[in-house]
Amino acid sequence: MLSFLYARQSGLDDPVRLRRAESTRRVLSLELNHNRDVDRIHGNGINTLDTEVIDGRYMLSGGSDGVIVIYDLENNSKKPQYTCKAICTVGRSSRHVHKFSVETVQWYPHDTGMFVSSSFDKTMKVWDTETLKPAEEFQFDGNVYCHHMSPVARKQSLVAVGTKDPKVQLCDLKSGSRIHILQGHRGEILSVRWSPRYDHILATASTDSRVRIWDVRRASGSLFTLDQHNGDKSKASSEAVNTAHNGRVNGLCFTADGLHLLSTGTDDRMRLWNSGTGENTLVNYGKVVNESRKGLKFTVSRGCSPEFVFVPCGSSVAVYGLHSGELITMLRGHYNNVDCCEFHPDYQELYSGGKDCNILAWVPVLRQPGIEDDETNSKRGGTQAAINPAFEDAWSSDED
Amino acid sequence: MSRKRALIADTFCLTKRRRCAADSVTADGAADIRSSLQYLMTLFSRKLFNDSLPPVVLKHQLYSLHNDKTSVDKQVNELRENGDLLMFQLGFDSEAFALVFAEDYRTKVLQGEAGRETLGTVEKFLAKLIPGCSDLSFNKEKMLKEFLFTDPAITQLVKSGVLTVRDAGSWWLSIPNSGKFIKYFIKGRKAVLGMVKKSKYGEILKTELEGHHTTSQVKFQMKYHIHEIMGAELVESIQTTSGTLLRYVDGNVN
C-alpha cells in the first residue's frame, strides 16, 4: 500500500491506479457491519433498490406491498453506529399508492426531483419527490415487470417498459406519448436495460430465452439477438438455436463502461456478452442458482481493477470476478431470498434487499487503527481529539 | 462468515508471491488438462462394456479438478481444434458434453465395424472428421455438399451408430453403443446423489463416500461419479480440516 502511495506521489503511477487498487481492496473486504443499519419500513419483501446518481445519498426502495420508501444514506452523526433513516414513504395510506407489488423503481437520472415506479397493478407512475404525488401515470395491459430510463440520455427522455406483452413499449416523459413499440420478442419481457455508453442502445430479455439489442432510432427490428453458441449451430438442439439461455432470461446488467452485458437465466447460468458484437465471451461462472419467476436485479461494481458482479443467489449474494468467472465469496446475512442488490460506487458499499423485509448494508471492513494513534490522542487531551493532525498548523490559535 | 483470512486483491500480493513458491493450482498449463483427462479416463470402467466403448469423460468432471472453469473450457477447445479430442452431445442434458480422445474413438469404432459392410463408409467419415471438423452435429446440406456423402451412405452411418438423429435433416455425432453407457450413468448418478442425501445432515466426507460400498445400481467407479457430481455442482464441495465435504444441494432436478 505504501508503495502505491509513493508511486502516486512521485508521479510514477497514474492517479487512477491507486484509486482502483484501494477500491478493489475495499470490495474484497465487504462484510455485514453491525454499525450500519437501514430503517425497516416494508412489511413485505423488498423488490427493488435504486441509489441516485448525483450524490449517492438517497436510496429508493420498492416493496411487494406497493410501498415506496426514500432513505438518506449519509452518516451525519459523528458516531460510527448509524441507521439510515427513511425520509419519506408512499405508504398504504396514500391515495396514489400502487395497488399491488412495486417491481421497479428508478430515480430520474439527472436530479432527485422525480422518480418512476412500475408495478404489478399494470401502471407506471412518475412521481414528484417533493409532494409525493404522481405527475403522470401510464396504464398498460399486463403486469409491468421492469422499466428503465437511460442514464446518459440528454436529448431524449424515453422510459423503456417491459410487460407481459411481448412488445417493448417506449414512453416519452416529455410528451406523455407511448406510440413507439419494439416488436420482436415472443414472450413476456422480464428485463430492459439501456446502455450506459450510448443513449440509443437498449437491451431486452424475455421468457422466450432471447436477449435482443435494439437501436431505438431505427424503424426496423432489433440489431441482433445474443446467441450463446456464437453462431455454432451444431451445439444446440434445433429449438435452442439462437437463444441466449436455455431457459427464461430474467436479468440484465451492463458493465459501467457499457462494453459488456451480463445476462442471467433460469438455466442457472450467467453469461457475459460483448455488447458491440453480441459475441458470447464464454466466461464460465458455473452454476448461478436462479429460480426467480420474475426479473432478477443484480449489479456490477464500478471503479475496481478486476470488476465484480454481485448476484442474488437464493438467500445470499454471490460475488464473482467479472472476467475470470471465479466465485470470490458468498455474502450471507439474509433470512430469506434476496431479490435485489445495489452497489454504491463512491463508498464501495453494497445494499441488498429481500423477502425478509430487510435491507442489509455490506460495508468494507476498515483496517484497525494502530495503537500509536490512541497514545497521541490521549496526550493531546480530550478537547482537541476531533482535529485531524494533518490540518493542524503552528500559527493559528483557538482562543479568538 | 467463517473466512479465516481476508481476501487480498492480486495487486497487493506481488511481494508475497515473489517470496513464496507459486501455488500448484495457479500454474495450469495445457499439459495439465491432458493429464487430468488421462487420469479421468483411467477411472472409466472398460470391462463393463466388453471393451466396445472408448473411455468417455464428461467435460464437467474437469471442473472438479481445476479451479478456473473458463481456462478449462479454453484448453478443451484448443485440444478439439488440434484434432486430439472429440466432443459429443449426450442426449439427457443440454450442458453435459462427453469427451473422447480421437485416437481411442477411431480404434474402437473401426474395431466395432470390422466385418460389416458399413466399414468403408465409416472409415471415410472418420477420415473427414478427425483432423479437421469440430462440430457436434451435422445437417443434411453439410453432409451432401461438403462431405460428399449420398443418402444411403448417411443411412449406413446412422445404422452403425456414428450418427444419431437430431431432427429432420440433421444428426448428432455420437459414440456407437453408448446407449448402455448413458443408462448406467444416469442410474449411477442418481444412486450416488441418493447416498449423499440420505447421510446424516445431507452431507458426507468425500473420502468416506469413496469408501462406501457400491450398490447394484452403481456400475462405474465411485470416483468417476464423485468427480461428475462435483463438477456439475449437484453437490456443494466445502473444504474442511478433515478434507472435502460434499453437501447435497436442494432443488436438484434429479
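Biologist: How much space lies in the largest cavity?

Modeller: Please bear in mind that this is a predicted model. Rolling a probe the size of a water molecule over the atoms shows where empty space is left. Here the largest cavity holds about 60 Å³ of space, and the structure has two cavities of 30 Å³ or more.

Biologist: Which residues lie nearest the centre of the largest cavity?

Modeller: Twelve residues line the largest cavity, and L85(B), L86(B), C133(B), S134(B) and D135(B) are those nearest its centre. Two elements of chain B, β2 (85–89) and α6 (119–132), each give two or more residues to this lining. By class, the lining of the largest cavity comprises seven nonpolar, three polar and two charged residues.

Biologist: What residues line the second largest cavity?

Modeller: The second largest cavity, with about 30 Å³ of space, is lined by N47(A), E103(A), K294(A), G295(A), K297(A) and D339(A). Its lining has no nonpolar residues, two polar and four charged ones.

Biologist: Let us turn to strands. Why is β14 of chain A described as largely enclosed by the rest of the structure?

Modeller: A residue counts as buried under 20% relative accessible area. In strand β14 (residues 168–172) of chain A, five of the five residues are buried, so the strand is largely enclosed by the rest of the structure. V168(A), L170(A) and D172(A) point one way from β14(A), while Q169(A) and C171(A) point the other way.

Biologist: Which strands pair with β14(A)?

Modeller: Strand β13 (residues 158–163) of chain A pairs with β14(A) in the antiparallel sense over four bridges, and a hairpin of four residues joins β13(A) to β14(A). Strand β15 (residues 180–182) of chain A also pairs with β14(A) in the antiparallel sense, over three bridges. L170(A) is the bridge partner of A160(A) and also that of H180(A) in β15(A).

Biologist: How many aromatic pairs does the structure hold?

Modeller: A pair of aromatic rings is described by the distance of the centres and the angle of the planes. The structure holds twelve aromatic pairs over all chains. In one of them, the rings of F44(B) and F181(B) have centres 5.9 Å apart and planes at 55°, so the pair is tilted. F44(B) lies in the loop between α2 (30–43) and β1 (57–58) of chain B and F181(B) in helix α9 (residues 178–198) of chain B, so the pair ties together parts 137 residues apart in sequence.

Biologist: Are F44(B) and F181(B) buried or exposed?

Modeller: F44(B) is buried at 4% relative accessibility, and F181(B) is buried with a relative accessible area of 1%. Ring pairs link F44(B), F181(B), F185(B), F220(B) and Y224(B) into a cluster.

Conventions. Residues numbered from 1 in each chain as written. Chains lettered and ligands numbered in written order. Predicted model: local features only at pLDDT ≥ 70, side-chain atom pairs only at ≥ 80, totals over all residues. Heavy atoms only, no water. 1 Å grid on protein atoms, 1.4 Å probe; cavity = no way out; pocket = protein on both sides within 12 Å on 5 of 7 lines; lining within 4 Å. Points joined across faces, edges and corners; volume = space filled by probe spheres on them. Nonpolar A, V, L, I, M, F, W, Y, C, P; charged D, E, K, R; others polar. Buried < 20%, exposed > 50% of the residue type's maximum accessible area, 1.4 Å probe, protein only. Pairing = 2+ DSSP bridges. Phe/Tyr/Trp six-rings, centres within 6.5 Å; stacked < 30°, edge-to-face > 60°.
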